[in-house]
Each structure stands twice: as structure tokens, then as C-alpha cells.
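Hi there,

Here is the structure I promised to pass on.

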Amino acid sequence: MPFSGPEPAEDDPGRPNWPLALIVVLTCLAVIASGWIVARLTLEDDTVAPLAEPSEQARPPRERSGSVDPDDAEAFVALAARGLRDAPSLSVSYTQREEGEEAGRGWARRGVEADVVFEHHFTTAEGVEVYRYELDDTGHLMTAERGMTGMSLLNPPSEADRRLCSIEFALSPLNDLVDSASGLVWEGREEITLPEGLDGSPEGSYTAYRYTGDFTAVMGGYEEESGHNTLTVLPKTEFSLWIDEEGYPRRLEYDTEEGFGETYDYRPTVD
């Protein structure tokens, strides 16, 4: 079963060979240890609440953005976060920064194959490629060009595994913002253009409402030496968030004073 997304070169050892990966998973059940140790800040096991399992119940009709005024910043941002979760399909491109320099970039989306719930591709500044997946009825899997050998089933997954190998990766930054934002201000209306996505999504321009403030961000990462996923807490992080006139988030950008941050470009399906 081929995975969708950008195709690496034929001699690229990092891109998973799916039939072989299934054999590895089913015969070896390789387990990745928890990836909590990070260079700067470490999450304790109870720092981030366990991620809720997706509900099988039918979702209620989406509340339209017209029902909330943009100057009601808290309500409008909360509505945007719910709209992102309810979108029938979603892709996101993103870049990471460390000490003001690009530390990596990637893309993620809800799966387009029947049994692929989620796929996530990240390339470090050194060019190391990391692939993360969630499969229906199988769980979280990943492989990388450095730090891992072949496709591994993450069983049991750490909190970092669950966040980075599921759609929660795309949804959680907005949820974190809703839960922890302070000094939230509507700055006004702006025109914003999203460049072509790293997954091939087309360029798009939007009229958007810009919001600023600070929140507690959680930045995901990959530890090449151990092959572990990591989560780094960045408290009191300044952000800018752009939400289009339909109430969908289009870009989230945040940075600490030390130059650690991310930019997310969101492409949800508009209903």
C-alpha cells in the first residue's frame, strides 16, 4: 500500500518500503522507548494530559463564523480551533526555528488512503527525514534515516509519539493556544498568502483577521541519537494567528525571545 506525499529519490533509505515495513511490524513488533529527554526543557509524564481518542459519534453542525464577532477574540479563536478539528480533510505545512535559524520543515495531513489515518513527514536542518504514521486498527508507526532501523510500531506510544504521529499534531497548537492564551488581541483585517505547501498543496490568498498574544507552546522534535520523538514546552511565547473570514485558521506563527518557534500554514477543507 503506497503512502501519498512527496516521493524521495530511489536510493533514499529513509522512505519506508511499506510491504517490508508490515513484515517488520508483524514479526518484530519493534518498540520505541519514550522520547521525553530534550536538550532544553523536559516534559514530565503528567505535564500534558492524555490525548482524547477520536469520537465515533456524529459531529453536530459547525457553528458559522458569522455567529461570533471577530472582535470577540476569545470566542472567535475558540470557534476557529473547533472548525479545524471538524474539517473533513486537513493538511498543514510548517517550519521550525531554533535560536533564530531554521531547524527543520515538514508537512502533515489526514490520511488519503483507506487505512492511513494520518501521515507526517519532517526533514531536519541536516537533511535527516522522519516519517510518522497512524494506521487504522494498527496504531502509531515511524521510521527515520538516522536513529532508527526500519519501520517501528510505537507500542506503547509515549505522549510525544501520540501527538506527533496523529492528527493531534495539527490540532494541538490551536488547542494549546485556546487553553493558555493571555493578552489576546484582535489586531484587524489583513491579506495573507500561503505559499505552495510542502505536500504540493496550491498557493492560496485570504482575507484574514489577525490575533496576537502569548501562550504556552509545545514544540515537537526528533532526537537523532536515540530515535525518540520529543516535546519541548515553551511558556509565555508570543504568537500571531490569522483566521479567514469563514472562521478557519490559516497561519499560526510563534517565537520565544531565544528564537525558538514555528510557523504553521493550515489548509482545511471549507464546507
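**Notes on the model**

Asp69 is exposed, with a relative accessible area of 52%; exposed means over 50%, buried under 20% and partly exposed in between (1.4 Å probe, protein chains only). The residue sits in the loop between α1 (18–28) and α2 (73–86), where helices (H or I, at least four residues) and strands (E, at least two) are DSSP runs numbered from the N terminus. Together with Asp71, Asp72 and Glu74, Asp69 forms a patch of negative charge on the surface. For such patches, residues need over 30% relative accessible area and no salt bridge, with like charges joined within 9 Å and nonpolar side chains (Val, Leu, Ile, Met, Phe, Trp, Tyr) within 5 Å. Asp and Glu count as negative and Lys and Arg as positive, while His and the chain ends are not counted; a charge is placed at NZ of Lys, CZ of Arg, CG of Asp or CD of Glu.

A word on the ground rules: this is a predicted model, so local features need pLDDT of at least 70 and side-chain atom pairs count only at pLDDT 80 or more, while totals for chains, interfaces and linings use all residues. Residues are numbered from 1 along each chain as its sequence is written, and side-chain values use heavy atoms, with hydrogens and water left out.

Now the overall picture. The protein chain has 4 helices and 11 strands, and 52% of its 271 residues count as buried. Of the contacts (heavy atoms within 4.5 Å) between residues at least 6 apart in sequence, 58% join residues at least 24 apart.

Ile192, in strand β7 (residues 182–194), is buried at 7% relative accessible area. Beyond its neighbours within four places in sequence, Ile192 contacts Gly204, Ser205, Tyr206, Ala208, Trp242 and Arg251.

What about the charged pairs? The structure holds 10 salt bridges, each a side-chain nitrogen of Lys or Arg within 4 Å of a carboxyl oxygen of Asp or Glu. Among them:

- Glu119 pairs with Arg109, the closest N and O atoms being 3.0 Å apart. Glu119 lies in strand β3 (residues 116–124) and Arg109 in strand β2, so the pair ties together parts 10 residues apart in sequence. Both residues are buried.
- Asp176 meets Arg163 at 2.7 Å, N to O. This pair links helix α4 (residues 168–180) to helix α3; Asp176 is buried at 17% and Arg163 at 5%.
- Lys236 meets Asp214 at 3.5 Å, N to O. Here strand β9 (residues 228–244) is linked to strand β8; Lys236 is exposed at 60%, whereas Asp214 is buried at 17%.

Finally, some backbone details. Most residues other than glycine have a negative phi, and most peptide bonds are trans. Glu99, though not a glycine, has a positive phi of about 55°, and Asp137, also not a glycine, has one of about 65°. A cis peptide bond joins Asn155 and Pro156, with omega about 0°.

Best wishes

Definitions and conventions:
Areas by Shrake-Rupley, 256 points an atom, 1.4 Å probe, with all protein chains shown as cover.
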